[in-house]
Every structure is written in C-alpha cells, then in structure tokens.
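Subject: Structure handover

Hello,

I am passing on the structure we talked about. Please open it beside this email and keep the two together while you read.

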Amino acid sequence: TDVVVNAQPNATAGNSGAACLGSNITLNASTTTPGTATYSWSGPNGFNSALQNPVINGATLAAAGAYTVTVTVAGCTATANTTVTINAQPNANASNSGTCAGSALTLNGSTTTPGTTITYAWTGPNGFVSAQQSPVIAVSSAANAGVYSLIVTVDGCPSQAVTTTVVINNPPSAVVNTAPPPVCNTSAGGSILDFNTLITGGDFGGSWTDVSGSGASGTLPFLNFNGVAPGNYTFTYTTNSAI
C-alpha cells in the first residue's frame with residue numbers, strides 16, 4: 001500500500017488597509033501550495049466567509065480587529081491572521097466672523113479629531129471655494145451672504161458637511177449738515193451741541209476730539225462748549241456709521 005503524504009500548505013492574509021467608517025474593506029488570502037485550495041474566514045462581529053477575498057461593505061467600528069483565514073489544500077490546513085483598522089469619522093466645526101459690507105469676512109474651520117494629515121474644503125455663495133482652514137474674503141459684499149459648507153478630511157476620512165450662515169450688514173447711511181448752528185459760551189455754563197443736529201441717520205456711539213488746538217473732547221452725540229474760547233473749530237469723530 002502506497003501512502004501519500006501531502007505537504008502542509010502555506011497561507012498568507014492581508015486587507016485593503018486602514019478604512020474609513022462606512023467604506024468597504026477587502027480581505028485577501030493566498031497560498032503558493034499546489035492544488036485546489038479552499039478558504040474559511042472568521043473575525044469580529046460574527047464574521048464568516050468561504051470566499052478567498054471577501055468584501056465587508058459599509059464597515060462599522062465593530063468590523064475592526066483580527067481576522068483569521070484557514071487555507072485547506074488536499075486535506076491539509078494552515079492559518080494566517082490580519083488586523084483591520086477602522087478610522088472613525090472626524091468631526092467638523094464651522095463659524096464666521098460676520099461683517100459689514102466692504103469689510104473683511106473670516107470663515108473659521110476646525111476639528112478635534114487627531115490625525116497626521118488634515119485638509120479643509122469650503123464651498124459657498126457666489127462660487128466660493130477654498131482649501132484653507134480659515135479663509136478670509138478681504139472685501140465682502142451682499143453677494144457673499146448665505147450658507148457656507150465645510151468638509152474636514154482627517155487621514156483620508158471625510159467628515160459630514162457642516163454649515164455656517166454668513167450675514168452681511170449694510171452700514172447705516174448718514175448725512176452731514178455742512179452748516180451747523182452757532183453755539184454760545186456764556187456765564188451760564190456754555191452751550192451743548194447735539195451731534196444729531198449735525199449728522200442724521202447715524203449711530204453715534206463713538207467719541208469726538210477738537211483738532212484745532214482747544215483740547216476739547218467728549219462722547220457722542222453731544223459737544224459741550226463750556227469754557228471753550230470763541231472761534232471756529234474743526235472736530236474729528238468716530239461713529240458706528242458710514243459718513
């Protein structure tokens with residue numbers, strides 16, 4: 001009686017590499033032993049397959065871990081292992097500075113998900129696109145108002161899109177009265193000039209300073225001329241309005 005002794009097969013196992021949550025993972029098995037081979041996989045989350053290179057579709061975090069394949073050739077078996085890594089979906093945050101028309105608008109992007117390579121992809125109104133983390137529109141206009149979307153990709157895994165809504169405010173208009181009324185410096189304490197009689201349509205939340213040499217200054221909207229010598233004066237003032 002002749003006894004045939006078959007060599008033990010060799011087996012190798014691998015996978016398609018670190019995967020993003022929800023993507024597909026391919027397991028790879030092979031043998032160089034001659035003959036017809038069969039394959040039997042087992043792994044996390046109750047995984048089993050008789051395919052040589054099975055695919056796990058839409059992988060969840062439960063799919064991460066060690067997978068074992070048993071290769072059988074002519075009744076003889078060998079096993080090999082491979083470890084699957086699933087990267088969680090990164091988070092993303094988007095906000096903006098808000099601004100008035102004509103001023104700079106800043107978009108702010110961030111993520112708390114750690115990674116080696118992090119990229120940002122912005123899209124928005126008026127054909128806006130940017131790969132910067134926090135892009136700046138130097139001179140904004142009404143066309144820049146609207147919803148901006150951001151996707152952050154960490155080590156090849158994209159986040160869900162997050163949005164921020166930009167509001168572009170138009171500065172209030174103001175009209176300057178070039179012929180202000182005269183004021184009197186009297187023994188009764190002097191005159192107070194209301195800036196609202198000089199400029200209409202403004203928001204007078206700033207301050208004023210006499211640049212003609214008297215040193216007078218104050219808070220808008222009032223100019224107090226108590227103790228100011230007679231003469232013509234030129235004032236500078238800062239308001240929250242466009243003049």
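What follows is a list of findings, from the whole chain down to single residues.

This is a predicted model, in which local features need pLDDT of at least 70, side-chain atom pairs count only at pLDDT 80 or more, and totals for chains, interfaces and linings use all residues. Residues are numbered from 1 along each chain as its sequence is written, and side-chain values use heavy atoms, with hydrogens and water left out.

The whole chain

The chain has 0 helices and 26 strands. Both are DSSP runs, numbered from the N terminus: helices are H or I with at least four residues, strands are E with at least two. Of the 243 residues, 31% are buried. Buried means under 20% relative accessible area, exposed means over 50%, and partly exposed lies in between, with a 1.4 Å probe and protein chains only. The chain exposes about 13400 Å², and carbon and sulfur atoms supply 52% of that area. Such areas come from the Shrake-Rupley method with a 1.4 Å probe; for residues, only the protein chains shown count as cover. Among contacts between residues at least 6 apart in sequence, 58% join residues at least 24 apart. Contact means heavy atoms within 4.5 Å.

An open sheet

Which strands form the open sheet, and in what order? The 4 strands run β5-β4-β7-β8, with antiparallel pairing. Two strands pair if DSSP finds at least two bridges between them. Strands β5 and β8 (76-84) stand at the edges with a single partner strand each, so one side of each has no neighbour in the sheet. From one strand to the next, the twist averages 15°; the axes behind it are lines fitted to C-alpha atoms, for helices over the stretch in contact, and angles run from 0 to 180 degrees between N-to-C directions. Within this sheet, β4 (residues 37-43) is joined to β5 by 3 antiparallel bridges, and Trp-41 stands opposite Ser-49 in β5.

Two strands with a covered face

Strand β3 (residues 25-30) has Ile-25, Leu-27 and Ala-29 on its covered face, and Thr-26, Asn-28 and Ser-30 on the uncovered one. It pairs with β1 (residues 12-15) in the antiparallel sense over 4 bridges, where Ala-13 faces Ala-29. Strand β3 also pairs with β6 (residues 55-56), antiparallel over 2 bridges, and there Ile-25 has Ile-56 as its bridge partner.

Strand β10 (residues 93-96) runs antiparallel to β12 and is joined to it by 4 bridges, with Asn-93 opposite Ser-110. Strand β15 (residues 136-137) pairs with β12 in the antiparallel sense over 2 bridges, and Ile-137 is the bridge partner of Leu-105.

Aromatic pairs

How many aromatic pairs are there? The count is 2. Rings of Phe, Tyr and Trp (its six-membered ring) pair if their centres lie within 6.5 Å; planes under 30 degrees apart count as stacked, over 60 as edge-to-face, and the rest as tilted. The ring centres of Phe-47 and Tyr-67 are 5.4 Å apart and the planes meet at 70°, so this pair is edge-to-face. Phe-47 is in β5 (residues 47-49) and Tyr-67 in β7 (residues 65-73), so the pair ties together parts 20 residues apart in sequence. Both Phe-47 and Tyr-67 are buried. Phe-128 and Tyr-148 form an edge-to-face pair, with 5.4 Å between centres and 70° between planes. Both Phe-128 and Tyr-148 are buried.

Nonpolar cores

A nonpolar core is a set of buried Ala, Val, Leu, Ile, Met, Phe, Trp, Tyr and Cys residues joined through side-chain atoms within 4.5 Å. The largest has 19 residues, of which Ile-25, Leu-27, Trp-41, Ile-56, Tyr-67 and Val-69 touch the most other members. The elements giving two or more residues to this core are β3, β4, β7 and β8, and β7 gives the largest share, 4 residues. A second, separate core has 13 residues, including Trp-122 and Ile-137.

One cysteine

Cys-157 lies in β17 (residues 157-158). It counts as buried because its relative accessibility is 2%. Beyond its neighbours within four places in sequence, Cys-157 is in contact with Cys-20, Asn-87, Pro-90 and Val-152.

Regards
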